[in-house]
Amino acid sequence: MLVSRIASACPSRIAAFVTLVAALAPTFSSPVRTLTAHSSHPLCFAQAQHHLQARSFHPSSAASPPATTPGSSSSSTAAARLPSHSHQTQSSHFANTMQIHTVPILEDNYSYIIVDPSSHAVAVVDPAEPEKVIHALKQLPKSDALNLVAVINTHHHWDHAGENVKFLELAATELNAQGVNVYGGDDRVPKLTHKVTHGETFTLGSIKFTALATPCHTTGSISFRAQSPDGAVDRVVSDESHKPGKWSYVETDVVFTGDTLFVAGCGKFFEGSAANMHHSLIDVLGALPETTRVYCGHEYTVSNLYFAQSVDGANSEVTRALTDAQALRAKGLPTVPSSIGRELAINPFMRVRDPAFCEARAKLAGVASDAITIMGELREAKNRFKRST
Ligand SMILES: [Zn+2]
């Protein structure tokens with residue numbers, strides 16, 4: 001599916017995608033890497049390895065057994081057609097990274113698949129359209145060796161966690177995945193097995209997750225930061241793939257923000273105040289390294305940037321971001337990921353860090369110029385905003 005979407009969007013993307021997958025292919029075929037036993041958490045490497053042996057992806061509906069070598073795989077992905085010895089010299093560069101696959105679901109939601117190449121462990125973020133996410137999992141390179149161990153929910157809303165029961169049932173029957181852990185910060189998340197609190201960490205193979213409490217959209221909203229152990233690779237990866245416009249990326253430091261932080265926007269304040277959102281966006285997410293990539297829950301970027309232009313019109317970064325986002329959407333491509341640094345520059349709800357921005361907005365809106373007041377005023381203005389065309 002990923003390849004066909006790319007193919008229909010732009011032929012040149014195929015080459016880019018094949019290059020990326022070729023670079024990744026050796027990491028899938030290499031032996032499982034031994035990690036030092038640093039964690040006894042349920043998602044630790046030892047358990048992932050056990051799961052890998054006990055239950056790999058064996059689609060129950062398949063008439064023939066899954067292929068085990070790249071050359072003989074029945075998968076239709078580009079990776080399946082690549083020789084396993086290609087790009088061997090690059091494998092060490094990507095051994096300690098993670099792969100993020102974007103899966104568009106429902107009207108404008110994004111689910112994400114996270115793969116740890118070193119252990120073959122897999123997690124999914126907000127799989128609210130189970131059939132599509134399961135299908136995407138089956139299309140991954142080496143999907144027969146991958147091992148689904150976790151569902152990660154950013155919050156309890158139906159278009160994020162509402163299909164957990166069905167997803168887990170399908171994962172069991174279609175992927176032979178049993179005992180999948182469900183992480184979230186709210187008891188309203190169906191099938192929740194691990195309720196996390198701010199600062200709590202867990203691992204998926206070699207990937208370290210940190211739960212960041214970011215309440216406001218809902219009281220239990222959690223942003224999940226994911227970091228691979230080899231930060232040195234970040235420079236290489238960033239240079240190659242920082243620009244949005246693909247469906248899959250090699251990453252080392254990302255954050256899944258659900259409906260708290262969008263590209264150039266933020267979620268509605270359903271269960272919190274402007275002070276809560278200010279804390280979540282500025283004190284928590286805004287404190288992450290600027291290179292941290294942002295994977296959000298919806299494709300709202302273009303409409304968010306129209307609003308940003310209306311309140312931050314002199315900001316040339318906003319204008320440029322809108323042009324870029326429109327070009328991507330015209331090709332049917334996602335505008336994720338963004339980065340914390342980019343959001344600090346273009347997102348009006350993060351621009352409240354700048355006193356000059358707040359004072360200008362306060363004068364126009366006739367309100368006080370403190371950042372929390374401006375945060376609330378911007379949210380109300382966005383709720384009312386209609387673009388005049
Ligand atoms: Zn929501």
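Select helix α5, residues 130-139. Its buried residues are Pro130, Val133, Ile134, Ala136, Leu137, Lys138 and Gln139; a residue is buried if 20 or more other C-beta atoms lie within 10 Å of its own, exposed if 12 or fewer, and partly exposed in between, with C-beta atoms placed from the backbone. Seven of the 10 residues of α5 are buried, so the helix is largely enclosed by the rest of the structure. Helices (H or I, at least four residues) and strands (E, at least two) are DSSP runs, numbered from the N terminus.

Before going on, note that this is a predicted model, in which local features need pLDDT of at least 70 and side-chain atom pairs count only at pLDDT 80 or more, while totals for chains, interfaces and linings use all residues. Residues are numbered from 1 along each chain as its sequence is written.

Seven strands form an open sheet of mixed pairing, in the order β6-β5-β4-β3-β2-β1-β10; two strands pair if DSSP finds at least two bridges between them. β6 (194-195) and β10 (248-251) are at the edges with a single partner strand each, so one side of each has no neighbour in the sheet.

Zoom in on β5, residues 181-184. β4 and β5 run parallel and are joined by three bridges, with Ile152 opposite Tyr183. On the β6 side, two bridges join β5 to β6, again in parallel. There, Tyr183 has His194 as its bridge partner, and Gly184 stands opposite Lys195.

Select Tyr112 next. Which residues does Tyr112 contact, leaving aside neighbours within four places in sequence? They are Ile100, His101, Thr102, Val103, Val124, Val125, Phe256 and Tyr295; two residues are in contact if their C-beta atoms, placed from the backbone, lie within 7 Å. Tyr112 is also among the residues with the most contacts inside the largest nonpolar core, along with Ile113, Ile114, Val122 and Leu148. That core has 85 residues; a nonpolar core is a set of buried Ala, Val, Leu, Ile, Met, Phe, Trp, Tyr and Cys residues joined through C-beta atoms within 7 Å.

β11 pairs with β9 (222-227) in the antiparallel sense over four bridges, where Ala226 stands opposite Val254. With β14 (293-296), β11 pairs in the parallel sense over four bridges, and Phe256 stands opposite Tyr295.

Move to helix α9, residues 274-284. Its buried residues include Met277, His278 and Leu281. Their cover includes β12 (261-262), β13 (265-266) and α14 (371-384).

Finally, colour by pLDDT, the predictor's confidence in each residue, from 0 to 100. The chain averages 79, and 72% of the residues score at least 70. Over residues 1-93 the pLDDT stays under 50.

Note on methods:
Axes are lines fitted to C-alpha atoms, for helices over the stretch in contact, and angles run from 0 to 180 degrees between N-to-C directions.
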